[in-house]
Amino acid sequence: TLIELLVVMAIIATLAALVVPMLFRSTTTANQTQCQSNLRQIYMALTEYKMKKGKNRHFPKYDGKKFVAALYRKGVLEDAGVLICPSTDDNNNKGEDLGGMGSDPRADIPKGTVSYAGRKNSRASNFSIIKARMKKVPTTEIAMAADGLVRVEDTWEFPHADLVIVLFLDGHVKSLDLEDDLKGIKKIGDGAEKPLDGLSNE
């Protein structure tokens with residue numbers, strides 16, 4: 001009957017209202033976990049990059065997205081997919097859009113091919129954990145890379161809404177609240193008032 005049909009439709013609508021948000025939260029959590037994993041792999045690649053430099057150990061001498069893209073272009077990071085945050089629509093076609101391994105790390109980054117951004121040390125190319133300690137800045141407070149900004153209509157937002165996932169100089173990765181947790185986080189090389197200033201440069 002019509003009443004029975006309406007009752008069934010009401011039950012289905014109620015179940016959908018309960019299930020859809022749960023699925024959305026599950027996807028969001030999975031994306032954040034994958035993003036954290038990507039940044040950990042980027043840290044391991046940065047460590048290898050420094051080791052290959054021998055006596056003149058330093059991170060890539062670039063700011064913004066070139067900082068992390070250099071790891072792939074220099075052949076240290078083999079999987080270009082690690083440079084893509086799952087919460088974005090970015091895609092680099094397995095690195096082909098970045099020029100492939102062996103390409104010039106100084107070349108511009110095509111839009112939408114790298115999700116993460118980082119900073120070289122603005123004061124010395126061979127910035128190290130030892131120097132951080134000499135400056136009395138805990139390595140746990142120095143941000144070296146994070147998921148970059150994405151364009152949403154007329155504004156710029158981080159891909160994880162009110163969270164930004166940050167890689168620190170000591171290697172740990174953490175999801176930070178944009179409003180509360182970012183206070184006191186320093187970019188590589190100094191203690192600027194804008195803690196992640198420059199991390200999202202193209």
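1. Let's start with aspartate 104, which is partly exposed because its relative accessible area is 34%. Here, buried means under 20% relative accessible area, exposed means over 50%, and partly exposed is in between, with a 1.4 Å probe and protein chains only. The side chain of aspartate 104 meets that of arginine 106 in a salt bridge, at 3.1 Å from N to O. A salt bridge is a side-chain nitrogen of Lys or Arg within 4 Å of a carboxyl oxygen of Asp or Glu. Arginine 106 counts as exposed because its relative accessibility is 57%.

2. A word on what you are looking at. This is a predicted model, in which local features need a pLDDT of at least 70 and side-chain atom pairs count only at pLDDT 80 or more, while totals for chains, interfaces and linings use all residues. Residues are numbered from 1 along each chain as its sequence is written, and side-chain values use heavy atoms, leaving out hydrogens and water.

3. How many salt bridges are there by this rule? The count comes to two. Besides the pair in point 1, the side chains of aspartate 108 and lysine 66 meet at 3.7 Å, N to O. This pair links distant parts of the chain: lysine 66 sits in helix 2 and aspartate 108 in the loop between helix 2 and strand 1, 42 residues apart. Aspartate 108 counts as exposed, because its relative accessibility is 62%.

4. Now the overall plan. The protein has three helices and seven strands, and from the N terminus on they run α-α-β-α-β-β-β-β-β-β. Helices (H or I, at least four residues) and strands (E, at least two) are DSSP runs, numbered from the N terminus. Of the 202 residues, 42% count as buried. The accessible surface comes to about 11,500 Å², and 55% of that belongs to carbon and sulfur atoms. Such areas come from the Shrake-Rupley method with a 1.4 Å probe; for residues, only the protein chains shown count as cover.

5. Confidence is highest in helix 2 (residues 65–73), at a mean of 90, and lowest in strand 7 (residues 186–187), at 50. Over residues 122–130 the pLDDT is below 50, and this stretch has 25 contacts in the model beyond near neighbours in sequence. Contact means heavy atoms within 4.5 Å. Residues 187–202 also stay under 50 in pLDDT, with 47 contacts beyond four places in sequence.

6. Which residues does asparagine 92 touch, leaving aside its neighbours within four places in sequence? They are Ala80, Leu83, Ile84, Asp97, Leu98 and Thr113. Asparagine 92 lies in the loop between helix 2 and strand 1 (116–118). With a relative accessibility of 2%, asparagine 92 counts as buried. Its side chain reaches the backbone oxygen of threonine 113 at 3.2 Å.

7. Phi of asparagine 93 is near 50 degrees and phi of lysine 94 is near 60 degrees, each a positive value in a residue other than glycine. Asparagine 93 is partly exposed, at 38% relative accessible area, whereas lysine 94 is exposed, at 75%.

8. Glycine 112 lies in the loop between helix 2 and strand 1. Where does it meet other parts of the chain? Leaving aside neighbours within four places in sequence, glycine 112 is in contact with Asp90 and Asn91. Glycine 112 and aspartate 90 are 22 residues apart in sequence and 4.6 Å apart in space, C-alpha to C-alpha.

9. Finally, look along helix 1 (residues 2–52), where you will find isoleucine 11. Isoleucine 11 is partly exposed, at 48% relative accessibility. Together with Ile3, Val7, Leu15, Leu18 and Val19, isoleucine 11 makes a nonpolar surface patch of about 570 Å². Patches are made of residues with over 30% relative accessible area and no salt bridge; like charges are joined within 9 Å, and nonpolar side chains (Val, Leu, Ile, Met, Phe, Trp, Tyr) within 5 Å. An α-helix has 3.6 residues a turn, so residues three or four places apart point the same way.

Key:
pLDDT is the predictor's confidence in each residue, from 0 to 100. A polar contact is a pair of N or O atoms within 3.5 Å; within protein, one must be able to donate a hydrogen and the other to accept it, and residues adjacent in sequence count only if both atoms are side-chain atoms.
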